[in-house]
Amino acid sequence: SGQVRGLCGTFNGDQRDEFTTPEGDVEPGVAAFANAFRAAGACPALGPGIPDPCDGFPGSRERAEAACTVLMGPAFQ
């Protein structure tokens, strides 16, 4: 607790600073926050709406939901 930062947040109990960018700014939205970590030219910038990642990979929704079940389970509580 209090020793991490980046795309996983700050994990310090203060949700107001979870979207802190590498420059130390706090972004109000997910897209701006994610774009702050984007490697220039590596992928397109996110727009105001976050696309559903499963839409780009048909048939992967079940596998993704199974993986999320593990992350949301007792091992990570």
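A search of the whole structure, which is a predicted model, finds one salt bridge. Its partners are the side chains of Asp-14 and Arg-16, which meet with a nitrogen-to-oxygen distance of 3.0 Å. That pair counts as a salt bridge because the cut-off asks for a side-chain nitrogen of Lys or Arg within 4 Å of a carboxyl oxygen of Asp or Glu.

How exposed are the two partners? Asp-14 has a relative accessibility of 24% and is classed as partly exposed. Arg-16, at 69%, is classed as exposed. The labels differ because exposed means over 50% relative accessible area, buried means under 20%, and partly exposed lies in between.

Next, consider the helices. Helix H1 covers residues 30-36, and a loop runs between H1 and H2. Ala-42 is found in that loop. With a relative accessibility of 59%, Ala-42 counts as exposed. How far apart in space are Ala-42 and Glu-65? Their C-alpha atoms are 27 Å apart, while in sequence the two residues are separated by 23 positions.

Helix H2 spans residues 61-71 and includes Val-70. The relative accessible area of Val-70 is 53%, so this residue is exposed.

Notes
Residues are numbered from 1 along each chain as its sequence is written. This is a predicted model: local features need pLDDT of at least 70, side-chain atom pairs count only at pLDDT 80 or more; totals for chains, interfaces and linings use all residues. Side-chain values use heavy atoms; hydrogens and water are left out. Helices (H or I, at least four residues) and strands (E, at least two) are DSSP runs, numbered from the N terminus. Buried means under 20% relative accessible area, exposed over 50%, partly exposed in between (1.4 Å probe, protein chains only).
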